[in-house]
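I opened my notebook to go through one chain step by step. I wrote down each thing I looked up.

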Amino acid sequence: METILQNSGLEKNRHYSLQEFLRDEAGNPLLGMDGKKMQPDVIIHYPDQRKVIIDSKVSLLAYEKYSSATEETDQQTFLASHLKAVRTHIDQLSSKNYESYSKVLDFVIMFIPLEAAYIAILQADSKIWEYAYKKRVLLISSSNLIAALKMIKDLWIRDDQNKYALQIADRGGKMYDKFVAFLGNLEDVGKHLEKSQESYDTALKQLKTGKGNLVSQAEKLRELGVSAKSQIPEKIASSSR
């Protein structure tokens, strides 16, 4: 059973759990009609919090005797016993009434691990599947179970994709808002740079233009023999004349 679950791509303790007690909303174990804790073999979890219960406790002892018998009369006897064992287990699963105790689907899956044993049942009693179905029990073999689990895995994949899409949309919206704010700040920086450039140009004009500007006055001092170790750049000095 667990090998089939693993091969289906489902993750243990996320998509399914083994031998887990059914519990109420407070976390207390649920009790069946017999007063015992309800502990299915496998609980399959759906993305929407629903559950599917799988039972694999059906006895195949009679089938083993049937498959190894060589006399036709013995085969018929053991096949009848096999059919009776399956019917009895169907009735037992139905009497547990799982759907009344937990948030599960309407049906409980009764897993028959041997494909040949499953086929033998259907051949021996063509109405056995319908009998189980009316009692809200689904008879499933290995091949059918694999197909069903693959479909459940696809539901999880789609659910994850939807969640990722929402996360991407949310992160994209936040990033866009941050980008708009950054552009606004960058525009303010540009305006301040423009103002700084204007202030620089105004100050420079005050230094080197107009009658008696500071640059020409400083040059005249140098020409008069003021002792100085450096000299105003020619480009600025010439533009002030």
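**Confidence.** I checked this first, since the model is predicted. The chain has a mean pLDDT of 80. I noted that 87% of its residues reach 70 or more. Then I went through the elements. Helix α5, residues 128–134, has the highest mean pLDDT of them, at 92. Helix α8, residues 234–239, has the lowest, at 68.

Next I turned to strand β3, residues 51–55. How many of its residues are buried? I found five of five, and I wrote the strand down as mostly covered. I then looked at each face of β3. On one side sit Lys-51, Ile-53 and Asp-55, and they are buried.

Which way do β2 and β3 run relative to each other, parallel or antiparallel? I noted antiparallel. Strand β2 covers residues 42–45, and four bridges join it to β3. His-45 stands opposite Lys-51 in β3.

**Positive phi elsewhere.** I kept looking at phi and moved to the loops. Asn-13 is not a glycine, yet it has a positive phi of about 70°. I placed Asn-13 in the loop between α1 (2–7) and β1 (16–18). Is Asn-13 buried or exposed? Its relative accessible area is 64%, so I put it down as exposed. The cut-off for exposed is over 50%.

Arg-136 was my next stop. This residue is not a glycine either, and its phi is positive, at about 65°. Where does Arg-136 lie? I found it in the loop between α5 and β5 (137–140). Its relative accessible area is 38%, so Arg-136 counts as partly exposed.

**A nonpolar patch.** Last, I looked at the surface. Which residues form a nonpolar patch there? I listed Leu-186, Val-189 and Leu-193. Together they have about 280 Å² of accessible area. I followed up on Leu-186. It is found in helix α6, residues 142–208. Leu-186 has 46% relative accessibility, so I recorded it as partly exposed.

Technical notes
Residues are numbered from 1 along each chain as its sequence is written. This is a predicted model: local features need pLDDT of at least 70, side-chain atom pairs count only at pLDDT 80 or more; totals for chains, interfaces and linings use all residues. Side-chain values use heavy atoms; hydrogens and water are left out. Patches are made of residues with over 30% relative accessible area and no salt bridge: like charges are joined within 9 Å, nonpolar side chains (Val, Leu, Ile, Met, Phe, Trp, Tyr) within 5 Å. Accessible areas come from the Shrake-Rupley method with a 1.4 Å probe; for residues, only the protein chains shown count as cover. A salt bridge is a side-chain nitrogen of Lys or Arg within 4 Å of a carboxyl oxygen of Asp or Glu. Helices (H or I, at least four residues) and strands (E, at least two) are DSSP runs, numbered from the N terminus. Buried means under 20% relative accessible area, exposed over 50%, partly exposed in between (1.4 Å probe, protein chains only). pLDDT is the predictor's confidence in each residue, from 0 to 100. Two strands pair if DSSP finds at least two bridges between them.
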